[in-house]
Amino acid sequence: MTRTWILILGVCATISFALILLVVLPQVLLVQVQAPPQLQPYSDVQLRGRQVYIANGCLYCHSQQIRDSTYTTDVERGWGARSSVPADYVYDAPHLLGTMRTGPDLINVANRQPSPDWHLVHLYQPRAVVDWSIMPAYPYLFEEKDPADVQPSDRVVTVPAPYAPPNGRVVVATPDALALTEYLLALKRDYPLEASQAQADLLAGLICVPEYGPISARDPQTMP
Amino acid sequence: MSMRPLDAAVAPSDYDGGGVDIRLRADASSRRPALIAFSLAIVWLLLGSLWGDLASFKLHWPDFLSGAGWLTFGRVRTAHLNSVVYGWASLAMIGTALWMIPRLVHQELRWPRVVEAGIWIWNVGLVIGIGGILLGFNDGLEWLEMNRYFADPLLVIGGGMIGVALLATLAARKVSHLYVSVWYIMGAFVWFPILFLLGNAPWWSGVESAGVNWFYGHNAIGLWLSAISLGAIYYFIPKVLGQPIYSYHLSLLGFWTLAFFYALNGMHHLIGGPLPTWMVTTSIVASVLMIIPVLSLAINHHMSMVGRFGALRYSPTLRFVVLGAIAYTAVSLQGMFTALREVSRITHFTHWTVAHSHVGLYLFVSFVMFGSMYYIMPRLVEHEWPSARLIRWHFWLVLIGIAIYVVGLTIFGVLQGLALLDPQVPFERSVTASLPGLYLRSLGGVLITAGHFVFAYHCYQMVRMPAVERALPNFYEVRPVIYSGAQVEEAS
């Protein structure tokens, strides 16, 4: 090559092609996606909890997606009743789909563990409730207090014996820990999808996963 | 060595023509900025290694240093990634590019003061961004965690100042043919700002946010880190061997197919995920088509080496760069294979992927950067490396370290993936299956970090060594024919 402008225009052309195909075009298609009626926008507390989730890097060990059930076993494992679809994520900014499963998937964690107390103990010391866990403990999301100093508004967390603080002190959740728990309890995205939503997604060419009926009932020839 | 006409296209343009003068002036023009970039790169390398080791320990000792937020796994791991990607690798590549472009276009580096300022601005951005991550300010997107309002703009401005000066140098060039390394380096400096601005834009949400995240993430690897590293391989192998590259036409084919297919690869990070399936399929197809640039590059890099492997014993540059080139071929083939749905269903979400990324970013990119610095530094400070033994220690520590790291995490990552895929097996088994790999990773990581401290100490010793009086410039003296260790490089 002897011409600078061919080089510069060429590299701009290749990146532009990819940009149009994988960023612009999907954006045009995905604006049609509407929130399912069962999906609520996050509350302020849940959004704060989501920030705590991001700030402490939960996303580096936990995914939030049920993969295509035609070739993965996420559904059989009991992590959700169906594969995730774009509509499940319309309120998520940024996305937290995740790339690792050092820990289990969390997109439906509220269905498996609906108890806020379980989550608080688990955040304070995972090994107090799951002995083989390698999840970090997050003691800095809690305060240790003298029982005499506990206010009526404080959320006291009952930690089992070997992990409880010494000298009879009690563990109190900080607002961050409570918000994070609220966020985790909002993660339940396996409501059934409505047929109209399914049809709209299919027509838009958005999705070809089997959420819209059992695999046996599907005719592969008619799937886009 | 006299040059046949086609050699203008297949050998670095400072290979022969232009004489000693042009090289000395080119080196003098980039000396200060390149040295600053390399020094700061080493600082980030050490910090990044320590963060990496700490994160690795925490995965098998989860209660180790868990009392403070800024030392929690999720923050330390992220500080590691950003330190080594935007600190170490990017600054080492910037230093290499600043040194190579003036040599390749026979022109002194334009606006060196602007470049220096750009490097410092980039580093201020890193301190704010990575410090912020440790304090809990994370944008929530992998590879784009640094704060988009306070840190990232500084990287754009600083990187832009460096890129503009390189473009100005290119515009004032005194050679007609642009050598292949120039294509890769200038391409990277055009691609990176487009990608970085796009990825950091605040308006993406839902699954589109995931699509843009991995469009950026994969291209940061392919069109920034890999591109400049490949440009460096194309420079150093012919340079050290005194032998043109194998084929000009293959280098053209390799460059343009890489530019086209690599940019379409990103969605293979989301296989099976809730995105439109055609997006993922597009990326799988493009990932497989990467066979074309990868084979073109492999033939060009490795055929130049055939019959000359003996030279690896004498040149630390060649040793690191050739291993880096082999790693590039290997990691690309592995990546293609992993992008297939049948493989991804097992390996996705496991430590296999972590091992894969370290073959790419360490054994390929970092090794090429070590090799480049072993060649460039003596030409900047005008004397040879003080100790062949320290170079050997560096080489073997990091090589053995990364071998343990990659083999351990790959094997136990697959076992983890098989446990995850079997719904009859409780989740616990995937954790216990991966644990031996996590311990091996810590062992490998400690060895790698030790190697980095050896390298940093050696660089420090070299920079503070007094200059040596010479009749001729460095590397132009007639030397005795009995060589030892690192004292030998081909004449500059």
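**Domains, helix packing and the chain contact**

In this predicted model, 19 Å separate the centres of domain 1 and domain 2 of chain B, taken over C-alpha atoms. Domain 1 of chain B covers 22–176, and domain 2 of chain B covers 308–319 + 332–465 + 483–492; these bounds come from an automatic or database domain assignment. To their contact, domain 1 of chain B gives 22 residues and domain 2 of chain B gives 24 residues, where two residues are in contact if their C-beta atoms, placed from the backbone, lie within 7 Å.

On the domain 1 side of chain B, the elements that give two or more residues are helix H2 (19–60) and helix H3 (73–105) of chain B. H2(B) supplies the largest share, 17 residues. Helices (H or I, at least four residues) and strands (E, at least two) are DSSP runs, numbered from the N terminus. By class, this side of domain 1 of chain B has 13 nonpolar, five polar and four charged residues. Ala, Val, Leu, Ile, Met, Phe, Trp, Tyr, Cys and Pro count as nonpolar, Asp, Glu, Lys and Arg as charged, and the others, Gly among them, as polar.

The model is predicted, so local features need pLDDT of at least 70 and side-chain atom pairs count only at pLDDT 80 or more, while totals for chains, interfaces and linings use all residues. Residues are numbered from 1 along each chain as its sequence is written, and chains are lettered from A and ligands numbered from 1 in the order in which they are written.

Also in chain B, helix H6 (residues 180–200) packs on helix H8 (residues 248–262) at an angle of about 10°, with their axes 10 Å apart. Axes are lines fitted to C-alpha atoms, for helices over the stretch in contact, and angles run from 0 to 180 degrees between N-to-C directions. H6(B) is therefore roughly parallel to H8(B), a term for angles under 35 degrees. H6(B) makes the contact through Val180(B), Trp183(B), Tyr184(B) and Gly187(B), and H8(B) through Ser251(B), Phe255(B) and Ala259(B). Of these residues, five are nonpolar, two polar and none charged.

Between the chains, the contact takes 69 residues from chain B and 61 residues from chain A. Helix H7 (residues 206–241) of chain B gives the most to the chain B side, with nine residues.

In chain A, three strands form an open antiparallel sheet in the order S1-S3-S2; strands pair if DSSP finds at least two bridges between them. Strands S1 (142–145) and S2 (156–157) of chain A stand at the edges, each with a single partner strand, so one side of each is left without a neighbour in the sheet. Four bridges join S1(A) to S3(A) (residues 170–173), and Glu144(A) has Val171(A) of S3(A) as its bridge partner.

Notes
Angles under 35 degrees count as roughly parallel, over 145 as roughly antiparallel, 65 to 115 as roughly perpendicular and the rest as oblique.
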